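Me: I am new to this structure. Can you take me through it in short steps?

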Amino acid sequence: MRTRKISALTMTAVALSLALTACNNDGGDNASSSASSSSATATAASTPQSDTAEGKSSGTPAESGTKCTDQVDYAGDSRSNAEINSVGEDTGTCPPVKSSDEASGTPKDPGTKCTDQVDYAGDSRSNAEINSIGEDTGTCPPVQSSDEASGTPKDPGTKCTDQVDYAGDSRSNAEINSIGEDTGTCPPVKQK
């Protein structure tokens, strides 16, 4: 399958080069046209396959030595710069800008823990909690900075007190569950 795609790219480049050569028939030296044709063919043959054809996310090819966040405008993207740049370094492609209405997080690689895939330095959640979210949803959650509300994302249809062990928390179950319903996040356990 890969050979066919490269061949199609090569044939397209050759056809384009021939068409441009035919249009540039001013009687001048054809050596430059011939070199141009060879260059286009070589470029097409060395062009990597699209990321979507290989199952990777589409995006902008990462420039060597340049962070994705310096190369693409990620304004409005809920992911951290570290996460975006990590994806770029790992895949060689800067991820597409993710609007706030898209699901947040990074697609989880099979057989890899989220904490081994994304840098969660500064995230107040435990590795076990982060990895559990990744296993349950198939998406590694976005890094939660310490100034963001901490807690556990609330499972739909489950009370926070049935989801997290609040033994030793001075608040009532009703108060804890109310916070979970209102915010969508089970609050962290509050020690006495």
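**Questions and answers**

Me: How do the residues of the lining of the second largest pocket divide into nonpolar, polar and charged?
Reply: This is a predicted model. The lining of the second largest pocket is made up of 14 residues. They divide into 5 nonpolar, 6 polar and 3 charged.

Me: Which residues of that lining lie nearest the centre of the second largest pocket?
Reply: The second largest pocket has a volume of about 320 Å³. Its lining holds 14 residues, and those nearest the centre are Ile133, Asp136, Thr137, Pro153 and Asp155.

Me: Which element gives the most to the lining of the second largest pocket?
Reply: Two elements give two or more residues each to this lining: strand 5 and helix 6. The top contributor, with 5 residues, is helix 6.

Me: What pattern does the protein chain follow along the sequence?
Reply: The protein chain has 8 helices and 6 strands. Read along the sequence, they give the pattern α-α-β-α-α-β-β-α-α-β-β-α-α-β.

Me: What percentage of the residues in the protein chain is buried?
Reply: A residue counts as buried when its relative accessible area is under 20%. The protein chain has 192 residues, and the buried share is 27%.

Me: What share of the accessible surface belongs to carbon and sulfur atoms?
Reply: The accessible surface of the protein chain comes to about 12,100 Å². The part that belongs to carbon and sulfur atoms is 51%.

Me: Among contacts between residues at least 6 apart in sequence, what share joins residues at least 24 apart?
Reply: Take the contacts in the protein chain between residues at least 6 apart in sequence. Those that join residues at least 24 apart make up 41%.

Me: How many salt bridges are there?
Reply: The rule asks for a side-chain nitrogen of Lys or Arg within 4 Å of a carboxyl oxygen of Asp or Glu. Glu135 and Lys108 meet it at 3.1 Å, N to O. Asp123 and Arg125 meet it at 2.6 Å. By this rule the count is 4.

Me: How many residues apart in sequence are the parts that Glu135 and Lys108 tie together?
Reply: The side chains of Glu135 and Lys108 form a salt bridge. Glu135 lies in helix 6, while Lys108 lies in the loop between strand 3 and helix 5, so the pair ties together parts whose separation in sequence is 27 residues.

Me: Where does Lys154 lie, the partner of Glu181?
Reply: The side chains of Glu181 and Lys154 meet in a salt bridge of 3.1 Å, N to O. The pair links distant parts of the chain, 27 residues apart: Glu181 is in helix 8, and Lys154 is in the loop between strand 5 and helix 7.

Me: Is Glu181 buried or exposed?
Reply: Lys154, at 15% relative accessible area, is buried. Glu181 has 55% relative accessibility. The cut-off for exposed is over 50%, so Glu181 is exposed.

Me: Which residues of helix 4 are buried?
Reply: Helix 4 spans residues 81–91. Its buried residues have cover that includes helix 3, strand 2 and strand 3. The buried residues are Glu83, Ile84, Asn85, Val87 and Gly88.

Me: Which residue with a positive phi follows helix 4?
Reply: The phi in question is near 80°. The residue is Gly92.

Me: Which residues does Asn131 touch, not counting those up to four places away in sequence?
Reply: Asn131 is found in helix 6. Asn131 is buried, with a relative accessible area of 14%. Beyond its sequence neighbours, it touches Lys113, Cys114 and Thr115.

Me: What separates the C-alpha atoms of Asp165 and Val189?
Reply: Asp165 sits in the loop between helix 7 and helix 8. Asp165 is exposed, at 59% relative accessible area. Val189 is 24 residues apart from Asp165 along the chain, and their C-alpha atoms are separated by 7.9 Å.

Key: Residues numbered from 1 in each chain as written. Predicted model: local features only at pLDDT ≥ 70, side-chain atom pairs only at ≥ 80, totals over all residues. Heavy atoms only, no water. Helix = DSSP H or I, 4+ residues; strand = E, 2+ residues; numbered from the N terminus. Buried < 20%, exposed > 50% of the residue type's maximum accessible area, 1.4 Å probe, protein only. 1 Å grid on protein atoms, 1.4 Å probe; cavity = no way out; pocket = protein on both sides within 12 Å on 5 of 7 lines; lining within 4 Å. Points joined across faces, edges and corners; volume = space filled by probe spheres on them. Nonpolar A, V, L, I, M, F, W, Y, C, P; charged D, E, K, R; others polar. Contact = heavy atoms within 4.5 Å. Areas by Shrake-Rupley, 256 points an atom, 1.4 Å probe, with all protein chains shown as cover.
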